[in-house]
Amino acid sequence: MSTMNLISQDLPPRRSRIATEVDFEADGRQCGFLSVPISTHESAYGRVQVPVVCLRNGDGPTALLVAGNHGDEYEGQIALVRLIQTIDPAHILGRLIVLPAANLPAALAGRRESPLDGGNLNRAFPGDPDGGPTEMIAHFIENVLLPMADYALDLHSGGSSLVYRPCALVRDHGTPEHVAKTFAALAAFGPSLAYVTDGRNQGAERTFHAAADRCGVIVITAELGGGAHIDGEGLRLANDGTRRLLHHIGILAVAQAACADRPRLMRVEGIASYVLSPEDGVFEPCVCLGDDVAPGALAGWIHYPDTPWRPSSAVRFRSGGSVVCQRATCATKRGDCLFQVLTEYQRQQ
Ligand SMILES: [Zn+2]
């Protein structure tokens with residue numbers, strides 16, 4: 001038997017090295033930090049202080065609300081800061097755990113990844129208690145916070161490089177009861193557009209959504225805008241949708257105005273859903289978010305200002321559907337995502 005096997009068999013499960021003074025079992029309002037150990041030239045025995053707020057009022061369901069998973073996505077960060085400043089334990093039944101800047105170093109830097117370790121939190125799950133700060137945060141969320149939760153909401157946008165039409169995504173699997181609760185929560189959150197993922201796209205099993213799914217938590221991810229600025233409709237969905245969801249699951253007593261319509265349900269058709277840039281150049285889009293497009297339709301052009309006599313390249317959609325996401329900036333490298341389209345999804349009832 002190798003030494004490695006002896007080590008893995010003999011040691012107990014590794015515990016998180018993150019400390020917090022917040023007592024998640026106590027009633028009332030607690031504002032504090034997840035203290036993530038870090039040792040750098042500037043701070044040998046330092047701690048990254050990730051803010052966390054816990055509101056509890058007796059027994060009831062627990063919701064975990066997260067933003068700043070990517071630091072350059074702002075609608076969710078603003079909505080959760082507002083929620084923290086305006087909600088009181090007397091307003092709720094059960095427990096609310098809020099992480100408005102989950103990857104704090106990334107949020108402070110206004111970047112997708114943490115400048116401390118290059119970590120993309122939404123590609124870091126299930127994390128590592130002995131890894132870098134991003135992996136430690138992922139591990140704490142999956143092993144400490146999510147096991148306390150019945151419901152979870154992860155508020156994203158397209159970040160600096162993409163712009164999303166505000167929408168939400170869910171998975172359509174699990175027990176009939178789990179699926180029914182998921183779609184009821186989605187309807188309460190109230191996006192006009194939602195898409196169903198099977199977990200095989202982009203972040204696969206490394207995302208917060210996948211971690212919540214592993215923990216048996218009812219989870220919604222929202223994409224609320226992007227381009228590192230604020231989308232008005234996305235911010236409204238973040239503010240109002242979060243409160244509608246909390247009322248729906250019984251945590252928030254005050255009723256919110258319900259959404260009149262069910263979301264249009266869509267799905268991702270694998271890699272063909274993404275239009276990629278064939279070359280480095282300047283991207284000119286030819287369609288808008290929300291447009292319905294056919295396979296082969298013109299998506300945009302790549303121009304070459306460094307050799308302006310070179311013919312510009314037409315870029316076309318591979319699968320048809322509704323345009324949900326486009327590149328936010330014109331300067332483009334080969335392989336950058338220019339558009340994402342969604343196709344209609346029929347639920348098996
Ligand atoms: Zn994101």
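Ala184, Ala185, Ala188 and Phe189 of helix α5 meet Leu237, Gly241, Thr242, Arg244, Leu245 and His248 of helix α7, where contact means heavy atoms within 4.5 Å. Helices (H or I, at least four residues) and strands (E, at least two) are DSSP runs, numbered from the N terminus. The model is predicted: local features need pLDDT of at least 70 and side-chain atom pairs count only at pLDDT 80 or more, while totals for chains, interfaces and linings use all residues. Residues are numbered from 1 along each chain as its sequence is written, and side-chain values use heavy atoms, with hydrogens and water left out.

Two packed helices are described by the angle between their axes and the distance between the axes. The axes of α5 and α7 cross at roughly 135° and come within 7 Å. That angle makes α5 oblique to α7; angles under 35 degrees count as roughly parallel, over 145 as roughly antiparallel, 65 to 115 as roughly perpendicular and the rest as oblique. Axes are lines fitted to C-alpha atoms, for helices over the stretch in contact, and angles run from 0 to 180 degrees between N-to-C directions.

Helix α7 (residues 232-248) also packs with helix α2 (residues 75-86), at an angle of about 45° and with the axes 9 Å apart. Here α2 is likewise oblique to α7. Among the residues in contact are Ile78, Arg82 and Leu83 of α2 and Leu235, Ala238 and Leu246 of α7.

Cys54 lies in strand β3 (residues 46-57) and counts as buried because its relative accessibility is 0%. Leaving aside residues up to four places away in sequence, Cys54 touches several residues, including Val22, Phe24, Arg95 and Leu96. Its C-alpha atom is separated by 7.1 Å from that of Arg95, 41 residues apart along the chain.

Note on methods: Buried < 20%, exposed > 50% of the residue type's maximum accessible area, 1.4 Å probe, protein only.
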